[in-house]
Amino acid sequence: MSSKNKNTQLVSSGRKKAYTHGVVNPVIQRASTIVFDSVSELKEAAKTRGDKTLFYGRRGTTTHFALQEAITELEGGEGCALYPCGAAAISQTLLSFLKSGDHILIVDTVYEPTRDFCDKILAGLGISTTYYPPMIGADIEEYIQDNTKMLFLESPGSITMEVQDVPAMVKVANDHNVMTVLDNTYGNGLHYRPLEHGVDISIQAATKYIVGHSDVMMGVAVANRKYWPTLREHSYLLGQCTSADDAYLALRGLRTMAVRLNQHEKAALEVAKWLEQHALVDHIRHPAFTTCPGHEFFKRDFDGSNGLFSFVMKAGNQHAIDAFLDSLQHFKMGFSWGGFESLVTANLSMKGLRSQTGWEHGPVIRLHIGLEDVEDLIADLQQALAIYEQHL
């Protein structure tokens, strides 16, 4: 029996007997070659194009089918494609629908590898990119050209966390027959489901909260009925596949994602509230705080937050930032997030990370609050900020 309760759904989805063989978890089925007992059986498998049917290892095994089914149900789509990382999910989705002469709109606060892919790969294929301000809303219409094929959103935005007015932008895109794609890694499918707001394809770096333990690279893309057949087939033609072992670990992570997110969210809010009162901090870039652009859209559209947020310093220099980072003990420097550990990155400015959106504030420090004791994390930040101040 299916449930509308997302917590129950995370525990029960993707656990058909065909996948579990009578045990709790789906079995790990590793395969390259699938063998058939008859020509008719082979032809039947080929006819399904491998959608939840054993055909060839690259199309997936029952382990992959279990994960795809669970993510599809979580995001409320028609089907889910698996990729070796989040960046692959983004690049392969774009390549599946764009051709030479097309134009794509990308939010200016996008994940840096997405920008690099557009500027260095798509440009060479004759596909043009325009970056738009994240808070533009329905005025995105001004950026749509006759050859605009896709509107790409990321909400909240990378590093500075702007939350977009997705429904307003999707309506404009639909009016102009422009497909919409959203990087939903922050929203994770539990706290935000883009397809419910009219988005055509939702992408996640499953590396982050779905896996949750910093030991698997994986990307997922969930499409609606209109775009799923093309996404499924083109991703296969582009050679995208993942290992059954990684799919199993992603499934295992999915079962505990809700309880992990509850703790990440609670701890991050506590740390952010402490930082908000600190004399060196200008403001907090957490979607649940009124100081974060698009906070009103977060309150309207999201069911919760997680462990990721940024805070902006009143003043700073590279020496202060370096000293701050080097002094931290519980926060490790790393470019991912979503695992059980706390992480930190810092940017003196937004130079090179955006082209249409100015930045008139101080340095930005991004934190991922893990599952450590909150008092230890605050104490670590307190001593590091004292060192930061010494270098101003």
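Strand 11, residues 343-347, is mostly covered, with four of its five residues buried. Here buried means under 20% relative accessible area, exposed means over 50%, and partly exposed lies in between, using a 1.4 Å probe and protein chains only. Strands (E, at least two residues) and helices (H or I, at least four) are DSSP runs numbered from the N terminus. This is a predicted model, in which local features need pLDDT of at least 70 and side-chain atom pairs count only at pLDDT 80 or more, while totals for chains, interfaces and linings use all residues. Residues are numbered from 1 along each chain as its sequence is written, and side-chain values use heavy atoms, leaving out hydrogens and water.

Strand 11 has a neighbour in strand 10 (residues 332-333): the two run parallel and are joined by two bridges. In this pair, K332 stands opposite L343. Strand 11 is also joined to strand 12 (residues 364-368), this time antiparallel and through five bridges, and there A346 faces I365. Strands count as paired if DSSP finds at least two bridges between them.

## Two nonpolar cores

A nonpolar core is a set of buried Ala, Val, Leu, Ile, Met, Phe, Trp, Tyr and Cys residues joined through side-chain atoms within 4.5 Å. The largest one has 80 residues, and L94 and I201 have the most contacts inside it. Helix 4 (residues 62-75) gives the most to this core, six residues. Apart from it lies another core of 29 residues, including L328, I365, L381 and Y388. In soluble globular proteins, nonpolar side chains tend to be buried together.

## A look at Y192

Where does Y192 sit? You will find Y192 in the loop between strand 5 (179-183) and strand 6 (201-205). Y192 is buried, with a relative accessible area of 1%. Leaving aside residues up to four places away in sequence, Y192 touches E75, V166, L182, N184, G187, H197, D301 and F302; a contact means heavy atoms within 4.5 Å. Y192 and E75 are 117 residues apart in sequence, yet their C-alpha atoms are 8.3 Å apart in space.

## The whole protein

Stepping back, the protein has 13 helices and twelve strands. Its radius of gyration is 22 Å, close to the 21 Å that the globule rule gives for 392 residues, so the protein is as compact as a globular protein of that length. That radius is taken over C-alpha atoms, and the rule is 2.2 Å times the number of residues to the power 0.38. Buried residues make up 56% of the 392 residues.
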